[in-house]
Structures are given as C-alpha cells and as structure tokens.
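Have the viewer open while you read.

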Amino acid sequence: CASDDLWRPFTRKLLMLTRTRAAAPERGGRSGGKQKMRKTKPAVRLAALTAVRQCFDTVGEEFLVRLPECLPFLAELMEDKSAEVQELARSTTLFLEELSGEKMEYYLL
C-alpha cells in the first residue's frame with residue numbers, strides 16, 4: 001500500500017481490539033503512559049474483525065501486505081468463547097484465502 005505508514009498502526013489498533021483482553025489507557029488521562037488490561041466484549045471483537053475484513057475487501061490485494069500481521073489474531077479468534085466470533089474468523093479466513101490464492105491453515109496452526 002502506498003499509505004502503509006497509515007495502514008500499519010490503524011490495522012494494529014483494530015487487531016488489538018480483537019483480543020479477549022486488550023490494553024487500554026487508564027481513564028482520566030493521568031496514566032503516565034501506563035496501560036491496564038481490560039476485557040473486550042464479543043461485540044467489540046466482532047466489530048473490529050469486521051473492520052479488518054472490510055479493509056481487505058475495499059483495498060483488495062494491496063492490503064495483503066497486512067496479512068502476516070493478522071494471522072495470529074485470526075488463529076486466536078477461531079478459538080474465541082463466542083460462536084459468532086469464531087464463525088466470523090472462519091469466514092474471514094476463507095475470504096482471505098480467496099483473495100490471496102493461498103491456504104491459510106498452515107499459518108493458523
């Protein structure tokens with residue numbers, strides 16, 4: 001992507017929202033740079049994964065440079081406690097296989 005300097009941090013922030021426990025700044029802005037872990041809700045993980053998938057869908061093959069960064073998160077989401085999150089992770093993986101022309105199962109083990 002020509003704007004990879006913008007896509008990289010954006011994608012990373014979305015991916016971090018897919019974690020069951022995500023780092024979040026202390027409330028009130030007085031954290032002094034400290035972050036604490038906060039549980040994310042399935043709806044947040046669904047929305048974040050949907051946004052990542054939409055990036056791949058909209059930008060297309062150029063966005064595949066972000067794929068290696070996404071794979072560990074997809075593997076984690078396939079084992080999520082939420083069945084909805086698991087299903088979206090599976091369908092996203094199939095979508096990415098079509099887009100990239102590569103099987104992802106080897107990378108998701």
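Patches here are made of residues with over 30% relative accessible area and no salt bridge, where like charges are joined within 9 Å and nonpolar side chains (Val, Leu, Ile, Met, Phe, Trp, Tyr) within 5 Å. A salt bridge, in turn, is a side-chain nitrogen of Lys or Arg within 4 Å of a carboxyl oxygen of Asp or Glu. Areas come from the Shrake-Rupley method with a 1.4 Å probe, and for residues only the protein chains shown count as cover.

This is a predicted model, with local features needing pLDDT of at least 70 and side-chain atom pairs counting only at pLDDT 80 or more, while totals for chains, interfaces and linings use all residues. Residues are numbered from 1 along each chain as its sequence is written, and side-chain values use heavy atoms, leaving out hydrogens and water.

**The overall picture**

The chain has four helices and two strands, using DSSP runs numbered from the N terminus (H or I, at least four residues, for helices; E, at least two, for strands). Their order along the sequence is α-β-β-α-α-α. Of the 109 residues, 35% are buried; buried means under 20% relative accessible area, exposed over 50%, and partly exposed in between (1.4 Å probe, protein chains only). The accessible surface comes to about 7300 Å², with 54% of that belonging to carbon and sulfur atoms. Take the contacts (heavy atoms within 4.5 Å) with a separation of 6 or more: 60% of them join residues 24 or more positions apart.

**After α4**

Which residues form the nonpolar patch on the surface? They are Y106, Y107 and L109, which share about 460 Å² of accessible area. Y107 lies in the segment after α4 (83-100), and E102 is also placed in the segment after α4. Neighbours within four places in sequence aside, E102 touches E97 and Y107.

**The cysteines**

| Residue | Relative accessible area | Class |
|---|---|---|
| C55 | 9% | buried |
| C70 | 2% | buried |
| E102 | 42% | partly exposed |
| Y107 | 42% | partly exposed |
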